[in-house]
Amino acid sequence: TREEEIKRNLREAESAKETARAEAEAHRQALRELEELRSARLAAVEEEAADLLAEMTEKAHRELNERRAGWQGQLEEEKAAFLDRLRRRAGEAFTMLARNVLMEMADEDLADRIAHVFAHRLSTLDTDEKELLRSAVERAEAVSIRSTFPLSSSARKLVAEAVERVLDGEVKIDFREDPDLECGIVLVIGSRHIGWTIGEHLDALEDDVGRLLDARTDAGGDA
């Protein structure tokens with residue numbers, strides 16, 4: 001009948017509406033799940049990006065510090081090399097100046113003073129050194145005195161007496177001038193050489209100047 005047909009149509013319409021509502025809800029649920037998944041993935045990507053940025057920043061800082069340490073070390077090495085060159089040049093210049101001044105001051109008085117110092121040097125020789133010199137004389141080896149400057153008669157006498165005391169007897173001494181000596185006097189018996197030169201003392205002085213500059217350089221570096 002018509003009434004039954006109307007009821008059937010209403011039931012079908014209601015069923016269609018329920019189906020549509022269910023499909024709409026399913027669609028909305030799918031959208032919610034998709035959004036949650038997208039949010040989760042986005043959060044994971046952001047976290048990974050943050051970790052990567054932190055790692056890259058740390059690496060950059062580490063490399064910068066390593067380079068900075070390398071630069072600092074290089075600068076320190078260059079500074080030390082420069083100060084060492086400066087120290088050596090200062091010491092060499094100082095001793096060169098002292099040598100030049102002494103050579104320019106060379107006169108009889110200076111030669112006599114050097115003769116006195118040389119005689120004192122001979123008087124301080126130990127027993128072994130004296131025995132070696134005496135043995136050389138016993139082998140008939142010539143005895144000579146070499147000096148940078150001419151020695152006066154009194155200086156020659158002083159030196160000769162000092163040598164004879166060491167050799168324990170009179171000997172013939174050949175006095176010679178040797179301009180290659182740096183302000184000094186040397187006793188030569190065969191291959192044996194005993195002497196005193198200002199050059200030796202200036203070399204020691206140069207070492208002392210170098211150590212002094214080294215100490216001041218180290219103190220300045222630690223300040």
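Buried means under 20% relative accessible area, exposed over 50%, and partly exposed in between, with a 1.4 Å probe and protein chains only. By that scale, glutamate 131 is partly exposed at 40%. The model is predicted: local features need pLDDT of at least 70, side-chain atom pairs count only at pLDDT 80 or more, and totals for chains, interfaces and linings use all residues. Residues are numbered from 1 along each chain as its sequence is written, and side-chain values use heavy atoms, leaving out hydrogens and water.

**Strands and crossover**
- Helices (H or I, at least four residues) and strands (E, at least two) are DSSP runs, numbered from the N terminus.
- β1 (residues 143-147) pairs with β2 (residues 173-177) in the parallel sense, over five bridges; pairing requires that DSSP finds at least two bridges between the strands.
- Helix α4 (residues 153-167) carries the chain from β1 to β2 in a right-handed β-α-β crossover. Right-handed means that, with the strands pointing away from the viewer, the path from the first strand over the helix to the second runs clockwise.

**Salt bridges in helices**
- The whole structure holds six salt bridges, each a side-chain nitrogen of Lys or Arg within 4 Å of a carboxyl oxygen of Asp or Glu.
- In helix α1 (residues 2-104), arginine 62 and glutamate 58 lie four residues apart. Their side chains meet at 3.9 Å, N to O.
- In helix α3 (residues 127-138), glutamate 131 and arginine 134 are three residues apart, about one helical turn. Their salt bridge spans 3.3 Å, N to O.

**Arginine 176**
- Arginine 176 is the bridge partner, in β2, of arginine 146.
- Arginine 176 also forms a salt bridge with aspartate 174, with the closest N and O atoms 2.5 Å apart.
- Arginine 176 is partly exposed at 48%, and aspartate 174 is partly exposed at 32%.
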